[in-house]
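Colleague: I would like to learn how to read a model of this kind, starting with the strands and working towards the core. Could you take me through it feature by feature?

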Amino acid sequence: MKGGSSYLSQSELPVTFGLGKRDAIDRMFVDRVVIAWPSGRTEDYKNLAAGRAYECVEGKGITALAGF
């Protein structure tokens, strides 16, 4: 996902994806979420719950947010 902007436009910055009927990211389907940052660094996160919002900050990890 790469956000950008120009005159009289906007881009949604959150990335949203679905898991179907699954209630978590698990070994049966997907082991992890991998983020490849523009700097070239990669970070992977495991055991994430479905139906949650998370904030991922390069080099600082992941934080579950209240609400969705």
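Modeller: Please keep in mind that this is a predicted model.

Colleague: How many bridges join β1 to strand β2, and in which sense do the two run?

Modeller: Strand β2 (residues 42-45) is antiparallel to β1 and is joined to it by four bridges, with Ala36 opposite Thr42 in β2. The hairpin of β1 and β2 has five residues between the strands, and Gly40 there has a positive phi near 100 degrees.

Colleague: Which residues of β1 lie on its covered face, and which on its uncovered one?

Modeller: In a regular strand, side chains alternate between the two faces of the sheet. In strand β1 (residues 33-36), Val33 and Ile35 form the covered face, while Val34 and Ala36 form the uncovered one.

Colleague: Which residues make up the largest nonpolar core?

Modeller: Nonpolar side chains tend to be buried together in soluble globular proteins. Here the largest nonpolar core consists of five residues, namely Val33, Ile35, Trp37, Tyr45 and Leu48. Leaving aside residues up to four places away in sequence, Trp37 touches Glu43, Cys56, Val57 and Glu58.

Colleague: What share of the protein chain counts as buried?

Modeller: Of its 68 residues, 13% count as buried, in a chain that has zero helices and four strands.

Key
Residues are numbered from 1 along each chain as its sequence is written. This is a predicted model: local features need pLDDT of at least 70, side-chain atom pairs count only at pLDDT 80 or more; totals for chains, interfaces and linings use all residues. Side-chain values use heavy atoms; hydrogens and water are left out. Buried means under 20% relative accessible area, exposed over 50%, partly exposed in between (1.4 Å probe, protein chains only). Two strands pair if DSSP finds at least two bridges between them. A nonpolar core is a set of buried Ala, Val, Leu, Ile, Met, Phe, Trp, Tyr and Cys residues joined through side-chain atoms within 4.5 Å. Contact means heavy atoms within 4.5 Å.
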